[in-house]
Each structure stands twice: as structure tokens, then as C-alpha cells.
Amino acid sequence: MPVTAALTALAFLFMALPATAQDRPITLKMDRYKLGAVCETLVTGFDIPLVYLDGDVRDKIVSVDCDGCTIEQLLDDMLEETGLTWKRINRQYVISKRAAVEPAPRGTLYGTVRDSVTGEPVAGAAVLLYHDHGDDLRTVLGSDAGAGTGTDAVTGADGRIVPSPPSKTRQTNGSGFFSLPDISPGKYYLSVRMIGYRPNSTPCSVEPGSSIEVPVQLVEKEIRMDEVVIRGWRSAFSISEAVSHGVYVPATPADQNQYFIDGVRIYNPSHHGALVSTFSEGALNDIEPRSGGIPPAYGGRIGGILDLSLREGSMARLSGVGTAGTLGSSIMLNGPVAGATTFMVSGRQGYPSLTGPFDPGGGPLSDAHASEILSKLTLRTSGTGRLFLTGYFGRDSYGNRPRSESAALANHLNWRNAALSLRWAGVIPPSLFVQVSGGFTGYDFTATHDLMNFVALGNPSYRSEYRIGDFHMRADAEHYYDDWHTVQGGVSVVRHGMSGSVSPFTIQGAVLPWDRSTSWELSVYMQDQWRVTSDVLAEIGMRATSFVTNDGSRSGVDPRFSIFVSPADRVGVHASLTSVTQYLHPYRNSGIFLFYPTIFWYPSDSAVDPSTSHQGTLGAEYSFDDGFTAGIDAYYRLTKNAHEFLFDPNPDPSITLDDVALSGTEKAWGVQLGLHRSRGVLTGFLRYNLSWLTRRFDELNGGLPFVPRFHRRHEVAAGLEVAVAPGWTLDALAAVASDQSPSFNQKGEIAGGFGGVREYDLNGGRLAGFQRVEVGVTKTFAAGRTPVALTLRMVNAYGLVDLFDWQLTDTPDLRQMWTAEVRQASLFPKYPTLNLRVYINEGTMR
């Protein structure tokens, strides 16, 4: 009995003692220290009773980042990758080697991030994985990510909510897919963040060897009427409507750029005067423009890339957007079809000529129309698989008639694009994302020129027509190898078929009869996206292409390299080296005063070498607290085997394009300064381009460098959108470019046919510059339960010249069969337009 009483007394005495050191929270941060040094710090600095052998901890490097955690949590994280374990014996913590057993297989988390309302994939979202130590969610993920969880904030010593560092990070690809391989078994939180959406946090439990799909739906942040939030790509192209100019790369002609819709190339999607937007915004889900650091998945053109993905369609309900205006009307509908199938269809008709100048005698002087249909059918197969059927059709027409009875030129132009593609995308193993596609894309162009009141010549008419059709097959794969490497690769095969007949009157050169021309283009690419450190990301890759025609084959290998560095918070630095080999070329020349859409493409062959471009870029960006981001980019590009053409006033019918094609060099360099803001009451951008461009050909301009017609030395663009009151938004867009160069001035001529040396001052004249100003006001309101937006816009405060309204004039330039002078009548002079947009079950005004 006395012994029992004594033991009871000792127990009460023990419980009454104060907490020992190992029971107190620990705050310690040591990055890449020897394990022995960290253990010594815990023993001497925190009075933790650790027992270990020097041989067990020797040569092991660990990192500790602990703020208020327990000793058990600290030891778990510190020893995870060391091959050591710990055990508590009485009050001591004993560190020893793990038993020689087979390590537990690691797991994988993967999934797709989608919009909670539309079901569309969210590209570029940040995916972060955190260990779950039983802490409060807001402590683990930080104050932003914990919003809406219903938990109380846990603060650090200074009163701030302290986020823990994630154990893994990733970014969703263009299809919203992510994969986190090589995860130790345990409990985690998966956090997904994206600008414009509420953060999403999902608890996950990873079992040994498991592959777990985690579908994520992001909820858009509430849109307050006193704040306008737009996505970055919108201000990059147009403030209010859609992508109105495509993608522009300084010192590069627009027809050297590539346009893709759901992976299908579109040859010439631009519409008349850029006043009817290139693509209808309501049908688009994501836009990815690239002007430097082109990934090896793209090739074949020396210009930029505009890659667009269409909406898949909502599984929830039928919804859409309808628009009616004075420049055009459109409608977009999307929704479920049956089972796991959805659709999206968008149709549009533009009629810009209704606002054009009219002849006093009656009727418009110009007749311009543009129409477009976009469609997509999506079948959700088992798991993450999707089957897509995408279609695109665009048609443009233009015609003008003379204003007087004098000699004049009437033009009738038509160009069409069509594309159809079937694509499957999905996950085979959890860390491998695969896309396989096949389809057709085509483009055709027709031009008719009528010489009016040329009685002596019999009022002749000239006609040109051209068509190109591509059948393509492509496979792409993206392998999430580990935390540091994501490997991408793919292969594509394209069959190009071209035919037509181009009149020498149209191009002022050779006769181009094409009964049929066929070529094959085979490309293979690979890229390693290597996260060197947490602040350095490198992309290293290459693209190999073989181009086969009737007279042989040509091959090339294009290396690609890009690096992104974040030396400090809010600071980013990037650089790239890009090589591109081009085998299919758009027809263009520096000496003829033409504003056609692209007339035709021609292939490389034994007489026309492929063009090769080498470009380097260097840039930096800084983000401010209030949403502003400032950047600077510089570039230099050298192009070998750039193409030009000789001309003759009386071409020999036997002369072909191969006989008049010239090869030379092109050099371009410049700098771009930019400032933009994508959130807040006021959003917008300001951009200035300064560039230089020269071309040199032995046969032209006496072998001296000259400036081609499409180049513009100075360019300034600005746009803003501001919420001035609840339901009211003002916007403005301005673009100013310096005079283009050149128009032809004769410097001298040496007699001779094609191949003879002819000298002309290619720098002697300049074409008019370009100015565009738009201002608009939008009122949003509800008609019953239907959101409506009404926009009044001044389309062009400067007025836009009708680029196809020509008057024939005499010229001292004997090389040309004719020359044309652009009438300075404004096609859209300070013309106000009205646009009504109705949202049908859309949830938010996209």
C-alpha cells in the first residue's frame, strides 16, 4: 500500500512539471545544410534530446523550413529523402538507418482543370501540392487559398498568415491537363490557382503505387460592377470585340505568321480592312500568341504564331451569345447533345460595305462581305479522353466600280478558307498526355481585273485563280517525367496540293500555270522543359523537317532554346534562340504597289531554295503592386535565302516563277517597350515598337540594301477600358505607324530581258503610314433575367482608306504593265456603329 501511494504521488508530480523543450513549437529555416549540423542545432539551440551516429548522418544534405511545427513534423520532413528514420524512446529521439526493405512505390496525381460553369479547360493554371500535417488549411495554403474554407486563420509570430512551401508545383497545359508524378505515400492538399478564379483546394490521399485522378473545377470570382477584370490576351489584340488584327510581329509581313484553330492551320483568316474581326470571340476558349522563342512543336514560317482553341460546349444547359450591329451580326450557341456529347457552333456575317462611300448616282462604290462558321463537336470518352470534330469556313469578297468615265481599273477579289479536323486527346498512363489528329485545310483565291474605258485595247479583262489543299496527320505527346523534366515530342505529315493559273497582270511578272503540284512535308520534334532550379526554367529542343517534291527532297534541322529566370520577386528575365526553315512561301514583292490578300503560296524546289531564319531575343518584365506590368524586349533576326522577283513589262509566256525568283539576305532588329494592366477599375496597354529591316539581292538596287514595302520603323499602340459607373464602361484603342517603304522610283535601267541587271531606287519613296483610333461606350443591363450589352463606337476617328479602290495613272517605271494610285476617300470616316449583344444562359458576360 505505501508503494502504491508513492507511485501515485510521483505520477501527479510528473504531470505538474512544465512542458519540456520537445513539446514546444519550433521555428527553423536552414537551406541545404549538412544533416549533422542541423542535428547539432536542434540539440544545442532547442534542447532537443537527439541520439544518432556520426556515420549515419555524414555527407547527407537536407533543408529545413519550419514555422511553428512540432519536432515530429520537422523530423519527418528533414529525413524523408535521406534513407534514415527516427523513433521516440522515452524522452529521446533516436535517428537510425531504415531497415533494408523495399521502399514503398510512389504515386501519381493527375487531372484536368475546368471552368465550373462552361466546363472549358483552363490553361496555364498553377497546381501546387502541399503535405497535410493536420494543420489548419489556411496555415498550409495561405490566406488567399484558404478563402471560403470556413476555417479560422492561424497566424505566425508577426501576426501574418504564413503559407507553407509546396512540395511540388506544375502548370496546366493548353488542354487544362496536369500530372504530378513520383509522390511519396501520404496525405496532401492539392491547390489550384488562376487569375480571375477563386483558389481551389482538394484533400488527397496517395497510396503506394496509386494513380489518382483529381478533377478540378474553378469558380470565377464575382464580377463587381465597379471593377473590370479582363484576361491579358484581350488587351493584346482588341479592347472590346475580338482578335481584329491577328498576330503582328515587328519587321515581319503578316502573311509569314501562322494561324491555328484547334491545331489546324488556317492560311489567310483576315477579313476586309481588319474592321470585321479575324475570329469571333464568343467561340474562343483560349488564345496563345507567340512572337519569339517559338517552341519546336511549331515550324515552317519565320513569323509569329497565333494558336486558338474553341469552346467545347457546356454539359449543363444550352447557352450562347447573339450580336447584331451595323458592321455585322453573329450568333454562338453551345450545350449538350446527348449523353457525354456537347456542341458549339458560331456563325457570323460582316457587311462593312454598307457604311462605305456611295456614288452620287446611286449605289456603293465598294462591295465587301465577310462570312464565317466555326463549329466543334466534343465526345467525352472514358476517363480523361476527349474526341473532337472541328470545322471552320470563312469567305470574303470585294468588288469596286469606277467613279467616272475615264480609264480605270475595276477589281473583284474572292478568298476562302476551309478546314475540318478530327482529334483525340487523353491520358494513357497518368503521366503521359497524348493528342492524335488528322484532317484537311484549304485556301483559294480568285482575282478579276477589268480595264474600263480602254477602247483601244478592247476593254480587256484578266483573271487569276489559285487553290491549295492540305491533308495532314499529327501525333503529339507530353510526358511528365519527374519534378524537373517535362518531355514533349511529336510527328506530323502534310500533303500539299496546289493548282491554278495566275495572270502576269496580277503579279506583274511571270505566267504561273499550275496543272497540279504536290509536295510532302514530314516533321519530327522533341523538347525538354527543364526546371533547373525553382527560379530557372529552360526549354531545349529541336525540329527536323524533310520536304519532298517531284524533283527531289530537302531537309533541315532547327534547334530551339529558351530560358526564363526570376532573379527576384516580381522580376522576370527571358531569352531565346530560334531557327526556322521555311519550305512553303507566300508570294510577295517589294516593288509593286499591291494590297492584295495573299495570292498564292509556292514550294521550294530545285530552283527556289528554302528560307532559313535565325533569331535571338532578350527581354525583362517587372510587375507592380497595383496590377501594372512593364516589359522590354529586344530581338535580332537574320534570314538567308529570302525571296524577291524580277519583273518585265512584256513577260515571255514561257517564263515561270523559277526563272524570276531571286535569293538574298534579310536582317531585322529592334526593341519593344510595353506597359499593361489586366485587373482593376482601369485596364489596358501601351506598346511602342522601334525596328529596322533591310534586304539585299545582287540583282536589285545595284546590290545595295533596301527597305521592303511592308516595313514600318515606328509603331505605337494603346488601349484602355475603364468602368466609370455601375453598368457603364468606356474603352478606346489607338494605333499609329510611320510611313511604309518603299514605292518605286526609277534610278536607272540596263536593257535586257529576265536575268538582266536593272537598277531602281528601292528606298526612294514611301507609302502612307497608318493611323487608327476607336472610342466606345458600353452599357450593360438586364432585360428580365437576360444580360445585355449595348455598345456605341466610333469605328475610326481618322478614317480608313479603301485599299482596293484604284485609279490607273501613267508611270515612268517601264517595268510595270500598269500602276495604280489609291484614292484617298475614307471608307469608314468617323463612322459611329451600334452593337447589341445578348447573353443566353451564359452565367457571366464573357
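Mentor: The sulfur atoms of C66 and C69 lie 1.2 Å apart and form a disulfide (a pair of cysteine sulfur atoms within 2.5 Å). The model is predicted, so local features need pLDDT of at least 70 and side-chain atom pairs count only at pLDDT 80 or more, while totals for chains, interfaces and linings use all residues. Residues are numbered from 1 along each chain as its sequence is written, and side-chain values use heavy atoms, with hydrogens and water left out.

Trainee: How many disulfides does a search of the whole structure find?

Mentor: The search finds 1 disulfide. The link of C66 and C69 is left-handed, with -120 degrees about the S-S bond.

Trainee: Are C66 and C69 buried or exposed?

Mentor: Buried means under 20% relative accessible area, exposed over 50%, and partly exposed in between (1.4 Å probe, protein chains only). Both C66 and C69 are buried. Two other cysteines can be read in this way: C39 is buried because its relative accessible area is 0%, and C204 counts as buried because its value is 9%. Of the 846 residues in the chain, 49% are buried.

Trainee: Where is H643 placed?

Mentor: Strands are DSSP runs of E with at least two residues, and helices are runs of H or I with at least four, numbered from the N terminus. H643 is in strand β34, residues 628–645. The chain has 8 helices and 47 strands.

Trainee: Why does H643 count as buried?

Mentor: Its relative accessibility is 8%, so H643 counts as buried.

Trainee: Which residues does H643 touch?

Mentor: Contact means heavy atoms within 4.5 Å. Leaving out residues up to four places away in sequence, H643 touches several residues, among them H585, Y602, D609 and R695. A polar contact is a pair of N or O atoms within 3.5 Å; within protein, one must be able to donate a hydrogen and the other to accept it, and residues adjacent in sequence count only if both atoms are side-chain atoms. The side chains of H643 and Y602 are joined by a polar contact of 2.8 Å. A polar atom of the H643 side chain also lies 2.9 Å from the backbone oxygen of D609.

Trainee: How do contacts look over the chain?

Mentor: Take contacts between residues at least 6 apart in sequence: 66% of them join residues at least 24 apart.

Trainee: Is V532 buried or partly exposed?

Mentor: V532 is partly exposed because its relative accessible area is 36%. V532 lies in strand β27, residues 512–533.
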